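Here is a short briefing on a single structure. Keep the sequence and the 3D view open while reading.

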Amino acid sequence: MDVPRLSRWLESKVAPDPLIAVQALANSHPSEDQGELLLDVETTRYWLLRFGFAADGIEVSEDDRGRLLELRGCVRALIDANATGERDAAASERLAAIVADHPVPLAVERDGRIGLDLAPAPSVDALIAQLIGVVLRAQIDGTWERLKICAADTCRWAFYDASKNRGGHWCSMEVCGNREKNRSYRRRRAATA
Ligand SMILES: [Zn+2]
């Protein structure tokens, strides 16, 4: 994958490599500022190639796109749970079904170290398997809990919370944090008026 390009697109609060791939998938979701980036098979193929997720000849079917969206839905639900501290059993069950069909690809270095095989994927299912591996790795190294969905209803951007106390709620304190604070301030004022 093209990490510099992904970083430029995500702009701030970017997850470390390779968790950045999962953050990017989460943010292909439609929001106030952008449409659905995985709208159909053509835009999905374009998106996968643009960030170097897929090998050049990749073909994307409507079913492939559906499975990628299913993974994205699970990821978004689970990292939203990271932000709230709640557990999402339904999303975990859905993820289990995807994991069952997508064994994680591994690669062995010359020194015998085993890692994820993250070469550009030849198919959407191969990419899904890689992304599951990325989630697994992040859960082991403790970075997974830092991936969150912005608490602002109008935003819902996936961001990486690098703060010491892991207490971040917004993708941007300046934008979403202040907007939310002003809103609750106005609500309190309206209530006392
Ligand atoms: Zn936000």
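**Tyr160 and its surroundings**

Tyr160 counts as buried, with 21 C-beta neighbours inside 10 Å. A residue is called buried if 20 or more other C-beta atoms lie within 10 Å of its own, exposed if 12 or fewer, and partly exposed in between, with C-beta atoms placed from the backbone. The model is predicted: local features need pLDDT of at least 70, side-chain atom pairs count only at pLDDT 80 or more, and totals for chains, interfaces and linings use all residues. Residues are numbered from 1 along each chain as its sequence is written.

- Tyr160 is found in strand S4. Helices (H or I, at least four residues) and strands (E, at least two) are DSSP runs, numbered from the N terminus.
- Beyond its neighbours within four places in sequence, Tyr160 is in contact with Lys13, Val14, Ala15, Gln23, Arg146 and Leu147. Contact means that the C-beta atoms of two residues, placed from the backbone, lie within 7 Å.
- Tyr160 and Leu19 are 141 residues apart in sequence, yet 9.4 Å apart in space, C-alpha to C-alpha.

- H2 is mostly covered: eight of its eight residues are buried. They are Leu19, Ile20, Ala21, Val22, Gln23, Ala24, Leu25 and Ala26.
- The cover over these residues of H2 includes H1, H4, H6, S3 and S4.
- The largest nonpolar core has 43 residues, and Ala21, Val22, Val75, Leu127, Ile128, Leu131 and Cys150 touch the most other members. H2, helix H4 (62–84), helix H6 (124–141), S3 and S4 each supply at least two residues of this core. H6 gives the largest share, eight residues.
- A nonpolar core here is a set of buried Ala, Val, Leu, Ile, Met, Phe, Trp, Tyr and Cys residues joined through C-beta atoms within 7 Å.
- Cys150 is in contact with Cys155, Arg156, Trp157, Phe159, Trp170, Cys171 and Cys176, leaving aside its neighbours within four places in sequence.

**Backbone details in the loops**

- The peptide bond from Asp17 to Pro18 is cis, with omega near 10°. Pro18 lies in the loop between helix H1 (3–10) and helix H2 (19–26).
- Lys13 is found in the loop between H1 and H2. Its phi is near 50°, a positive value in a residue other than glycine. Lys13 counts as buried, with 21 C-beta neighbours inside 10 Å.
- Arg156 lies in the loop between strand S3 (147–149) and strand S4 (158–160). Its phi is near 60°, again positive in a residue other than glycine. Arg156 is partly exposed, with 19 other C-beta atoms within 10 Å.

- Helix H5 (residues 89–101) has 13 residues, which at 1.5 Å a residue should span 18 Å; its end C-alpha atoms are 19 Å apart, which agrees. The expected span is 1.5 Å times one less than the number of residues.
- Of the 13 residues of H5, the number buried is one, so H5 lies largely in the open.
- The axes of H4 and H5 come within 9 Å and cross at roughly 145°. Axes are lines fitted to C-alpha atoms, for helices over the stretch in contact, with angles from 0 to 180 degrees between N-to-C directions.
- Glu70, Leu71, Cys74, Ala77 and Leu78 in H4 meet Ala91, Arg94, Leu95 and Ile98 in H5. By class, this contact of H4 with H5 has seven nonpolar, no polar and two charged residues. Ala, Val, Leu, Ile, Met, Phe, Trp, Tyr, Cys and Pro count as nonpolar, Asp, Glu, Lys and Arg as charged, and the others, Gly among them, as polar.
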